[in-house]
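Dear colleague,

Please find below the structure that I am handing over to you, with its sequence. My notes on what was found in it follow directly after.

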Amino acid sequence: MFFFSKPQKNISLYNTLTRKKEDFKPIKNGEVKFYQCGPTVYWTQHIGNLRAMVLSDFMRRTLSYLGYKVTFVRNYTDVGHLTSDSDIGEDKMEKAVKREGGNPKEIADKYIKIFENDTKNLNILEPDSKPRATEYVKDIIEAVKILMEKGYAYSTDLAIYFDISKANDYTKLSGQNLEENKSGAGNANIEDSQKKNPADFALWFFKAGKHEKALQYWPSPFDSLLVKNGEGFPGWHIECSIMIKKLLGKTIDVHMGGIEHIPVHHTNEIAQSEALNNVPLANYWLHNEWLIVNGGKMAKSEGSSYSLSEIKEKGFNPLVLRYFFMQAHYRSKQNFTWEALQGANSGYEHLKNQVKELGGKIGKVDKNFKDKFEKIIGDDFNIPQALALFQEILKSDIPKENKLATIYDFNKIFGLDLKKELHSPVAVSDEIIKLAEERKLAR
Ligand SMILES: [Zn+2]
């Protein structure tokens with residue numbers, strides 16, 4: 001995106017697959033093919049999911065900053081994702097239809113719109129592609145056919161499954177012991193007695209059994225005694241494998257997602273993609289940790305799975321949330337509290353005032369600070385430490401205009417809109433003042 005012609009700087013990444021930090025080497029010199037598993041668009045995404053989107057944005061901007069040409073794809077799951085990641089439960093899109101009426105397409109459109117409004121508010125760059133699973137059903141069917149022909153998949157009356165005993169080192173990403181961790185890989189055999197291994201996962205669900213009334217279905221060349229024309233819908237995991245192959249290629253450089261995807265979703269993506277293509281799916285697997293709320297897991301039932309609109313309703317600029325996410329490394333859990341967000345608000349406002357005091361003249365980017373910065377962000381995207389460098393710059397004795405140039409340069413990764421905010425007066429809402437007062441009282 002920036003600096004196409006410049007040589008690339010070094011970066012080391014923690015690779016879940018090898019469980020160590022490695023020097024990044026792209027497949028094609030100077031280019032990065034980057035895929036992130038996107039949201040299932042049946043509900044408003046909570047700020048924990050949005051954190052993952054901000055984190056991938058930092059990664060993508062860092063890679064661009066360091067001189068790589070990044071192609072970034074993030075999908076929308078609009079079919080096939082059941083309430084449990086391991087093929088158990090209701091279809092999430094159908095659950096939303098039951099809740100709100102309409103049809104799956106309308107549900108998907110609605111929540112994609114909300115999501116894209118949120119990502120825009122958070123200053124997250126648009127992906128190069130944002131495919132929907134339902135647009136790739138033909139390609140998915142083609143791939144399942146090949147997996148059947150190659151002997152990796154088998155059919156029951158209810159579904160076509162991937163036979164994990166045929167996979168090459170099925171648990172290599174997670175290192176889990178399937179015998180000990182049945183809940184991890186799924187024990188959906190309860191729902192289909194014809195399944196060979198409990199952890200076999202569905203590539204295609206027939207419109208039969210509990211999915212007899214499926215709202216989204218397509219004809220397929222697969223046989224089941226219970227349906228005509230092989231009617232059904234794709235499983236969740238296969239969609240990512242196919243969209244990756246179609247949009248980025250058989251092997252990509254970086255695959256990213258939340259740590260919850262390691263034992264099931266990403267493990268299954270690897271198994272089926274490698275069976276299909278005979279080459280590794282991704283060279284670097286990056287996983288972000290979770291956002292917790294008040295020290296515990298975010299839960300809808302407790303009203304703690306906040307959305308961005310709730311943050312805005314309390315009077316916070318969405319970029320305060322972005323600034324808050326900068327304060328924890330992507331491989332660390334981060335604890336969200338309203339007090340912590342209030343703290344981020346003060347930090348962000350303070351920084352903007354400091355930048356304002358530098359005046360409007362832009363000098364040269366300071367080389368020493370830039371070297372330092374590149375080393376920090378090149379060390380597995382250490383954004384919290386990179387942010388701390390701002391205060392070092394501000395306290396240093398380099399000329400004001402060079403301070404400003406350096407801060408603007410680093411802000412290409414941070415995306416804090418420091419320039420835009422520079423001349424607009426800051427409106428502090430009553431809610432924020434109230435929170436600040438409560439905080440004072442609590443001390
Ligand atoms: Zn995925």
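I begin at the end of helix α7 (residues 262–277), which is followed by N278, a residue with a positive phi near 60°. Helices here are DSSP runs of H or I with at least four residues, strands are runs of E with at least two, and both are numbered from the N terminus.

Before going further, please note that this is a predicted model, in which local features need pLDDT of at least 70 and side-chain atom pairs count only at pLDDT 80 or more, while totals for chains, interfaces and linings use all residues. Residues are numbered from 1 along each chain as its sequence is written, and side-chain values use heavy atoms, with hydrogens and water left out.

**Positive phi values**

Most residues other than glycine have a negative phi. R19, which is not a glycine, has a positive phi of about 60°. R19 sits in the loop between β1 (12–15) and β2 (20–23), and its relative accessibility of 41% makes it partly exposed. On this scale, buried means under 20% relative accessible area, exposed means over 50%, and partly exposed is in between, with a 1.4 Å probe and protein chains only. N229 is likewise not a glycine and has a positive phi of about 60°. The loop between β7 (201–206) and β8 (232–234) holds N229, which counts as exposed at 52% relative accessibility.

**The zinc site**

Which protein atoms are the donors of the zinc ion? They are C37 (SG), C240 (SG), H265 (NE2) and E269 (OE), at 2.1 to 2.2 Å from the ion. Donors are N, O and S atoms within 2.8 Å of the metal (3.2 Å for Na, K and Ca); water is not among the atoms, so sites may look incomplete.

The arrangement is irregular because the 4 donor atoms subtend angles of 83 to 129° around the zinc ion. For comparison, four donors count as tetrahedral if all angles lie between 85 and 135 degrees; four count as square planar and six as octahedral if opposite donors are over 155 degrees apart and all others between 65 and 115; anything else is irregular.

Along the chain, the donor residues follow the spacing C-x202-C-x24-H-x3-E. C240 belongs to helix α6 (residues 236–247) and H265 to helix α7, so this pair ties together parts that are 25 residues apart in sequence. C37 is buried at 8% relative accessible area, C240 is buried at 1%, and H265 is buried at 1%.

As regards disulfides, meaning pairs of cysteine sulfur atoms within 2.5 Å, the count is 0.

**Helix packing**

Two packed helices are described by the angle between their axes and the distance between the axes. The axes of helix α4 (residues 137–149) and α7 come within 10 Å and cross at roughly 75°. Axes are lines fitted to C-alpha atoms, for helices over the stretch in contact, and angles run from 0 to 180 degrees between N-to-C directions. The two helices are therefore roughly perpendicular to each other; angles under 35 degrees count as roughly parallel, over 145 as roughly antiparallel, 65 to 115 as roughly perpendicular and the rest as oblique. A143, I146 and L147 of α4 make the contact with Q272, A275 and L276 of α7, where contact means heavy atoms within 4.5 Å.

The axes of α4 and α6 also come within 10 Å, crossing at roughly 105°, which makes α4 roughly perpendicular to α6. Here D139, I140, A143 and L147 in α4 meet I238, E239, I242 and K246 in α6.

Is α7 largely enclosed or exposed? Of its 16 residues, 15 are buried, so α7 is largely enclosed by the rest of the structure.

**After α7**

L281 lies in the loop between α7 and β10 (282–288) and is buried, with a relative accessible area of 1%. Leaving aside neighbours within four places in sequence, the contacts of L281 include I244, K250, H255 and the residue E269. The C-alpha atoms of L281 and H255 are separated by 8.6 Å, although these residues are 26 residues apart along the chain.

Yours sincerely
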